[in-house]
Amino acid sequence: MLIKMKYNRHSIRLKGYDYSQNGWYFVTVDTWRKNKYFGNIADGKMCLNEDGLVLHEEINNTEKIRKGVVVDIFQIMPDHFHMILGINPMIGAHCHAPVQKLGNIVRGIKMIVAKRMKIEGRINTPIWQRNYYERIIRNKWEMERIRRYILYNPKKYKSPCETGALFSY
């Protein structure tokens with residue numbers, strides 16, 4: 001007897017919101033199974049390894065290759081990264097560039113980093129979780145609060161083992 005399993009996945013995006021419109025977005029992207037691919041924390045500071053440097057380079061390239069996109073601040077952690085992205089389609093429109101959507105930007109970063117890590121032979125397993133977390137930043141107070149959170153994240157970081165959040169797969 002064949003049993004079909006039905007997954008009840010639902011979008012975590014704000015229904016009806018246009019993620020290509022002017023705005024600031026707080027984004028967090030996690031690695032697959034919280035694997036620590038990008039380095040480690042020492043004395044409250046993130047020490048990037050070779051894969052962390054690849055991710056750093058690709059986040060820095062985001063503004064250069066995607067017109068109308070600004071990276072305000074970002075922080076790479078051992079098993080995830082945070083960033084604040086600004087999207088301004090009017091800048092892209094003057095350059096005849098396609099309108100940038102948040103999902104396409106995140107997907108592009110994830111894809112390029114994964115490809116480089118696999119081509120360079122350092123990994124042959126999945127690198128990223130399927131989705132990402134985002135929050136629309138609505139005002140200056142929220143922007144400053146999230147900037148502080150990103151900036152001080154290495155000082156507060158605890159691995160899943162330290163917090164007792166163990167995963168079984």
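Trainee: A salt bridge here is a side-chain nitrogen of Lys or Arg within 4 Å of a carboxyl oxygen of Asp or Glu. How many salt bridges does the structure hold?

Mentor: There are nine salt bridges in the structure. This is a predicted model, in which local features need pLDDT of at least 70 and side-chain atom pairs count only at pLDDT 80 or more, while totals for chains, interfaces and linings use all residues. Residues are numbered from 1 along each chain as its sequence is written, and side-chain values use heavy atoms, with hydrogens and water left out.

Trainee: Which residue does Lys-34 meet at 3.3 Å?

Mentor: That is Asp-30, in a salt bridge with 3.3 Å from N to O. Lys-34 also forms a salt bridge with Asp-79, where the closest N and O atoms are 3.9 Å apart. Asp-79 sits in the loop between β4 and β5 and Lys-34 in the loop between β1 and β2 (39-42), so this pair ties together parts 45 residues apart in sequence.

Trainee: Are Asp-79 and Lys-34 buried or exposed?

Mentor: Both Asp-79 and Lys-34 are buried (under 20% relative accessible area; exposed is over 50%, partly exposed in between, with a 1.4 Å probe and protein chains only).

Trainee: And which residue forms a salt bridge with Arg-116 at 2.9 Å?

Mentor: Glu-58 does, with 2.9 Å between the closest N and O atoms. Glu-58 lies in helix α1 and Arg-116 in helix α3 (residues 102-119), so they tie together parts 58 residues apart in sequence. Glu-58 is buried at 8% relative accessible area, whereas Arg-116 is partly exposed at 23%.

Trainee: Changing topic: what is the strand order in the open sheet?

Mentor: The order is β4-β5-β1-β6, four strands with antiparallel pairing. Strands (E, at least two residues) and helices (H or I, at least four) are DSSP runs numbered from the N terminus, and two strands pair if DSSP finds at least two bridges between them.

Trainee: Which strands stand at the edges?

Mentor: β4 (69-76) and β6 (133-137) do; each has a single partner strand, so one side of each is left without a neighbour in the sheet. β6 pairs with β1 (residues 23-30) over five antiparallel bridges, and Trp-24 has Ile-137 in β6 as its bridge partner.

Trainee: Which strands does helix α1 lie across?

Mentor: Helix α1 (residues 50-65) lies across β4 and β5 (80-87), at about 160° to β4. Contact means heavy atoms within 4.5 Å; axes are lines fitted to C-alpha atoms, for helices over the stretch in contact, and angles run from 0 to 180 degrees between N-to-C directions.
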